[in-house]
Amino acid sequence: MALNRREGGDPGEGVVARVSSSIQGSPIFQKGREAASATAICGLKLLRSTGKAAWIASTTFLVLVVPLIIEMDREQQMNELEMQQASLLGAPSSMMPPPK
């Protein structure tokens with residue numbers, strides 16, 4: 001029984017438990033834990049704000065840019081239709097090059 005009793009520890013406490021408790025009690029470990037916690041909190045805030053910015057950007061794109069693209073496509077189709085009708089009717093169009 002004398003072997004189990006060591007100075008400064010419980011009789012059932014092993015070497016690993018004593019070393020880990022002394023490490024967790026050190027000021028360097030505590031400062032590291034605080035720094036990791038602050039980093040995690042900052043990362044979560046950054047992730048949350050990035051998500052909000054992405055939502056704003058995508059909503060703005062859908063509201064402003066997509067209708068513009070659709071309207072430009074319609075305009076292109078109308079121009080092609082007018083050129084096709086002009087060529088079928090035989091009228092020279094300013095858009096079409098003169099026949100050679």
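Predicted model: local features only at pLDDT ≥ 70, side-chain atom pairs only at ≥ 80, totals over all residues.
Colleague: How far does H2 reach from its first C-alpha to its last?

Modeller: H2 has 63 residues and spans 90 Å, close to the expected 93 Å (1.5 Å times one less than the number of residues). H2 also bends by about 35° at Leu62, the angle between axes fitted to the seven residues ending there and the seven starting there. Just after H2, Gly90 has a positive phi of about 85°.

Colleague: Back to Val63: is it buried or exposed?

Modeller: Val63 is exposed, at 54% relative accessibility (buried is under 20%, exposed over 50%, partly exposed in between, with a 1.4 Å probe and protein chains only). Buried residues make up 1% of the chain's 100 residues.

Colleague: Which residues make the nonpolar surface patch?

Modeller: Phe61, Leu62, Val63, Leu64, Val65 and Ile69 make that patch of about 570 Å². The chain exposes about 9100 Å², with carbon and sulfur atoms supplying 66% of it. Patch residues have over 30% relative accessible area and no salt bridge; like charges are joined within 9 Å, nonpolar side chains (Val, Leu, Ile, Met, Phe, Trp, Tyr) within 5 Å. Areas come from the Shrake-Rupley method with a 1.4 Å probe; for residues, only the protein chains shown count as cover.

Colleague: How many salt bridges does the structure hold?

Modeller: The structure holds 1. A salt bridge puts a side-chain nitrogen of Lys or Arg within 4 Å of a carboxyl oxygen of Asp or Glu. Here Glu71 and Arg74 meet at 3.9 Å, N to O. These two are 3 residues apart in H2 (residues 27-89), so about one helical turn separates them. Glu71 is partly exposed at 43% relative accessibility.

Methods
Residues numbered from 1 in each chain as written. Heavy atoms only, no water. Helix = DSSP H or I, 4+ residues; strand = E, 2+ residues; numbered from the N terminus.
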